[in-house]
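My entries follow in the order in which I checked things.

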Amino acid sequence: MGLAAFAQVSGTQLVSSFTMHSDADRMASDLFANSEGLSQEDLGSGARLLRGFVASEETAILSTLREIETRAPFRHMVTPGGFRMSVAMTNCGPLGWVTDRKGYRYDALDPVSGSPWPAMPPVFSALASKAASAAGFPKFEPDACLMNRYEPGAKVSLHQDKDEPDFGQPIVSVSLGVPAVFLFGGLKRSDKAKRMQLFHGDVVVWGGPARLRYHGVLALKAAQHPLTGAHRINLTFRKAS
Ligand SMILES: O=C(O)CCC(=O)C(=O)O
Ligand SMILES: [Mn+2]
């Protein structure tokens, strides 16, 4: 991400109700079902929302995430401008996205431990490749997985993911836990952004003509999810080399 973008801590907003999937949330003008009966939403050329795409893998993914965390704990990174990010992050795979006063970049080493990031678990890379294929990008092999952990109030301002060398490769973004409102804009920051709720198991893929579309996440509302408690977890898969 080229994130002037990724936002500072904002006040925690207390909302007690647990947001459930509703029919209205699932309605979209360009909604259709794939061969497994899962709904997909066309978000414009090169971009697709795969509802409930994470299914049987959810337990393996969350338990593997907990193992990764013991070796590369979530931490609040600092932007080049000196702001602490409200979203806590860690990485797995050969390359990890980092930010500090020196800038945004990918690094093979975790700056906290000085060791390589934990390897990308096969269950992660298989899910990312499968989602990319389902969205029309059949040869995606990610070498970076940025894990974002949102607590209530945490958010990500509108930004483009542009620290990768090859914009021919898509982004695969997996949502787990507490639902959040995702903003999906255009190629210019000023373009009007579509707002959509992302629920546990949803995957958004964007590439090709959509690869540099602006996107962000509104401040997370307080809620509980049976598998992640008060948190939303996002896994963002990229080809970073
Ligand atoms: O959490 C999300 O859904 C998006 C995260 C994101 O845009 C990023 O990590 O670059
Ligand atoms: Mn991003």
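I started with one strand pair: Met89 has Asn148 in β7 as its bridge partner. Strands and helices here are DSSP runs numbered from the N terminus (E, at least two residues, for strands; H or I, at least four, for helices). β4 and β7 (residues 144-150) run antiparallel and are joined by five bridges. I count strands as paired if DSSP finds at least two bridges between them.

A note on the source: this is a predicted model, in which local features need pLDDT of at least 70, side-chain atom pairs count only at pLDDT 80 or more, and totals for chains, interfaces and linings use all residues. Residues are numbered from 1 along each chain as its sequence is written, and chains are lettered from A and ligands numbered from 1 in the order in which they are written.

Next I traced the sheet. It is open, has eight strands with antiparallel pairing, and its order is β1-β2-β3-β12-β9-β14-β7-β4. β1 (31-33) and β4 (88-92) are the edge strands, each pairing on one side only.

I then looked at β9. Seven of its seven residues are buried, so β9 is largely enclosed by the rest of the structure. Buried means that 20 or more other C-beta atoms lie within 10 Å of the residue's own; exposed means 12 or fewer, partly exposed in between, with C-beta atoms placed from the backbone. Four bridges join β9 to β12, antiparallel, and Ser173 stands opposite Val204 there. Six bridges join β9 to β14, also antiparallel, with Leu176 opposite Ile233.

Which residues touch the most other members of the largest nonpolar core? I found Ala131, Cys145, Val172, Val203 and Val205, out of 57 residues. Such a core is a set of buried Ala, Val, Leu, Ile, Met, Phe, Trp, Tyr and Cys residues joined through C-beta atoms within 7 Å. Helix α3 (residues 122-134) supplies the largest share of this core, six residues. I listed the contacts of Val172 (C-beta atoms, placed from the backbone, within 7 Å). Beyond its neighbours within four places in sequence, they include Ala128, Ala131, Phe140 and Phe237.

Last, I checked β10 (residues 180-184). Five bridges join β10 to β11 (residues 194-198), antiparallel, and Phe184 stands opposite Lys194. Three bridges join β10 to β13 (residues 215-217), antiparallel, where Leu183 has Gly216 as its bridge partner.

Methods:
Contact = placed C-beta atoms within 7 Å.
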